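Here are my notes on the model you asked about. Have the viewer open while you go through them.

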Amino acid sequence: RRVLSAYCIRDRRVGYCQAMNFVAATLLLVLEEDDAFWVLCCVLEDIVPGYYTKDMTRLIVDLRALDKVAAAVAPAVHAKLEQLQLPLEVSAARWFLSLFTSVFDTPMALHILDELFAVGSKVLFQVSVGFMLHVQEALLACSQPEEALAVLNANEMSSQGFLSRFKFVHYNLAGLEDIRASCAAQLASQQPP
């Protein structure tokens with residue numbers, strides 16, 4: 001709680017945003033409180049800036065970019081979600097805001113955070129694509145959006161075995177920055193002057 005309160009004082013334009021608690025709590029599992037604070041600052045200000053601001057512009061851009069990436073890399077999953085009228089951003093917002101710390105168990109969450117620090121926010125896309133492909137069979141069997149949402153929310157059954165099978169290098173996502181730039185331009189054109 002003190003880590004989050006300190007961050008609210010440090011950056012008043014962000015304050016507290018839902019899901020920051022999951023990130024801070026995960027950091028506190030492996031770091032002392034003052035180190036957890038500074039690492040949280042690095043995450044929020046350098047790795048995913050704009051995710052936790054009031055307008056969440058960078059998050060919106062990345063969710064739109066993820067939708068485009070999913071359509072290209074996991075077309076069957078993307079088509080199924082469209083058929084069920086379940087926007088990917090419904091689950092992916094939770095994934096990205098919590099940096100997957102509220103989604104997977106602690107070993108996987110720590111593994112993702114390690115990669116996030118080493119590689120950057122591209123990791124969120126790699127994990128998203130990897131997870132969607134991991135649960136593709138279960139998703140394709142869903143007949144209701146609620147069923148698909150349960151699968152995408154990484155319940156114990158759908159996330160089982162993901163850590164042992166997932167490899168970040170399998171998803172290099174060439175062109176991600178161009179997709180992000182296109183989504184950012186589109187979002188900016190939709191904003192009132």
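1. Ground rules. This is a predicted model, with local features needing pLDDT of at least 70 and side-chain atom pairs counting only at pLDDT 80 or more, while totals for chains, interfaces and linings use all residues. Residues are numbered from 1 along each chain as its sequence is written, and side-chain values use heavy atoms, with hydrogens and water left out.

2. Secondary structure. The chain has 13 helices and zero strands, so reading from the N terminus you get α-α-α-α-α-α-α-α-α-α-α-α-α, where helices (H or I, at least four residues) and strands (E, at least two) are DSSP runs numbered from the N terminus.

3. Overall dimensions. Along the principal axes, the C-alpha trace spans about 45 × 45 × 30 Å.

4. Of the 193 residues, 46% are buried; buried means under 20% relative accessible area, exposed over 50%, and partly exposed in between (1.4 Å probe, protein chains only). Take the contacts (heavy atoms within 4.5 Å) with a separation of 6 or more: 73% of them come from residues 24 or more positions apart.

5. Surface and charge. The accessible surface is about 9,900 Å², and carbon and sulfur atoms hold 54% of it. Areas come from the Shrake-Rupley method with a 1.4 Å probe, and for residues only the protein chains shown count as cover. On the charge side there are 15 positive and 21 negative side chains, with the centres of the two sets 4 Å apart. Lys and Arg count as positive and Asp and Glu as negative, with His and the chain ends not counted; each charge is placed at NZ of Lys, CZ of Arg, CG of Asp or CD of Glu.

6. Salt bridges, the count. Side chains of opposite charge can pair when their charged atoms come close. How many salt bridges does the structure hold? There are five, using the cut-off of a side-chain nitrogen of Lys or Arg within 4 Å of a carboxyl oxygen of Asp or Glu.

7. Arginine 2 with glutamate 33. The closest N and O atoms in this salt bridge are 2.8 Å apart. Arginine 2 sits in helix 1 (residues 2-10) and glutamate 33 in helix 3 (residues 33-47), so distant parts of the chain, 31 residues apart, are linked here. Arginine 2 is exposed at 61% relative accessibility, whereas glutamate 33 is partly exposed at 32%.

8. Arginine 10 with glutamate 45. Here the N to O distance of the salt bridge is 2.7 Å. Because arginine 10 belongs to helix 1 and glutamate 45 to helix 3, the pair ties together parts that are 35 residues apart in sequence. Both ends are partly exposed: arginine 10 at 40% relative accessibility, and glutamate 45 at 29%.

9. Arginine 58 with aspartate 62. This salt bridge has its closest N and O atoms 3.6 Å apart. Both residues lie in helix 4 (residues 57-73), four residues apart, which is about one turn of the helix. Is aspartate 62 buried or exposed? Aspartate 62 is buried, with a relative accessible area of 0%, while arginine 58 is partly exposed at 24%. Look at the surroundings too: Arg58, Asp62, Glu177 and Arg180 are linked in a network of salt bridges.

10. Leucine 4. This residue is in helix 1 and counts as buried at 13% relative accessibility. Setting aside neighbours within four places in sequence, leucine 4 is in contact with Tyr16, Met20, Asn21, Ala24 and Leu40. For a sense of distance, leucine 4 and leucine 88 are 84 residues apart in sequence and 28 Å apart in space, C-alpha to C-alpha.

11. Backbone angles to look at. Methionine 56, in the loop between helix 3 and helix 4, has phi near 50 degrees, a positive value in a residue other than glycine. Methionine 56 is partly exposed, with a relative accessible area of 22%. Leucine 99 also has a positive phi, near 55 degrees, and is found in the loop between helix 6 (89-97) and helix 7 (106-119). At 0% relative accessibility, leucine 99 counts as buried.
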